[in-house]
Amino acid sequence: MEIINRRKRMSSVARKIRREQDKSIGLVPTMGALHEGHLSLVKEARQMCDIVVVSVFVNPAQFGPSEDYNRYPRDLTSDTALLTDYNVDYIFAPTVEEMYPKGYSTYVTVEGLSTQLEGVSRPGHFRGVATVVTILLNVIRPDFAYFGQKDAQQALIIKKLVRDLAFDTEVVVLPTVREDSGLAISSRNAYLNTEEQEAAKVIHRALMKARETYKAGERSAGKLAGVVRTTIEAEPRARIDYVSVSDAETMEKLDKLDEHPILIAVGAYIGKTRLIDNIVLNSGRQTDAAKARA
């Protein structure tokens, strides 16, 4: 496994793999602090591709001024040890100066999708995400890029970015990896103390209650959102940022639900830590629905 820090070197290596070796490349973009969620993406990339590249870069462009950029966990040594066990071929770990050289002033915005939910709570966040992903895709030119369903809005934005800018990369979105309690695994879970870890379970519990209510026949988006809100509000350590019920492929807000895939998404604070999670109802119909609209 080789650790690469410079964009030109990474681009040169990737070009040689594609042109001279005719091998497929899978990219797993991360901000480090690797956990089982990231590793599930690495496993899938390893199964699908000849060469696996994992990027490790804490992207300042996607953090707001009052967010946790400076204290976001960084441990490249530990991340490298984990990735060695998964037979990763390359780690791309550039510096901020390498990704955003002096005078950098070009940013990518995916309109519409970026102004909802997380985009409201974190202005500029998705501009930073879209920009860094564009750089990574340009440098590495992977055949496949892997993302997790936990960041559902991000995954939709990246799919649209790839489609609109005609990248020759297939975006693969894999299921959320959860702790035994149902809590979605996240690097930010490390910020939670013991009591907050227990309290955070309420997010998944609320989503499961909404799923049960839907299965029982409820088709009002407002009522399903109400189930989620009521459940979370019963936890003293939790504070809701948003609860959304929308089309799982367009994020269009819904009133009355049908049999199309439905995304129920939550942003909430547990203590001072902000967590997100979601579920998709009718997920088995997602592929058919997408084909019907194609």
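In what order do the 3 strands of the open sheet lie? The order is β7-β8-β9, with antiparallel pairing. The model is predicted: local features need pLDDT of at least 70, side-chain atom pairs count only at pLDDT 80 or more, and totals for chains, interfaces and linings use all residues. Residues are numbered from 1 along each chain as its sequence is written, and side-chain values use heavy atoms, with hydrogens and water left out.

Strands (E, at least two residues) and helices (H or I, at least four) are DSSP runs, numbered from the N terminus. Two strands pair if DSSP finds at least two bridges between them. β7 (238-247) and β9 (273-281) form the edges, each pairing on one side only. Neighbouring strands are turned by 15° against each other on average, direction ignored. Axes are lines fitted to C-alpha atoms, for helices over the stretch in contact; angles run from 0 to 180 degrees between N-to-C directions.

β7 and β8 (residues 262-270) run antiparallel and are joined by 9 bridges. I240 has A268 of β8 as its bridge partner. Helix α9 (residues 221-233) lies across β7 and β8, at about 160° to β7. Contact means heavy atoms within 4.5 Å.

The largest nonpolar core has 45 residues. Such a core is a set of buried Ala, Val, Leu, Ile, Met, Phe, Trp, Tyr and Cys residues joined through side-chain atoms within 4.5 Å; buried means under 20% relative accessible area (1.4 Å probe, protein chains only). M10, V53 and I140 have the most contacts inside this core. Helix α6 (residues 125-140) gives the most to the core, with 10 residues. Beyond four places in sequence, I140 touches M10, A14, R18, I25, L27, V53 and F92. Another core, of 28 residues, lies apart and includes A221, V228, I262 and V266.

Key
Buried means under 20% relative accessible area, exposed over 50%, partly exposed in between (1.4 Å probe, protein chains only).
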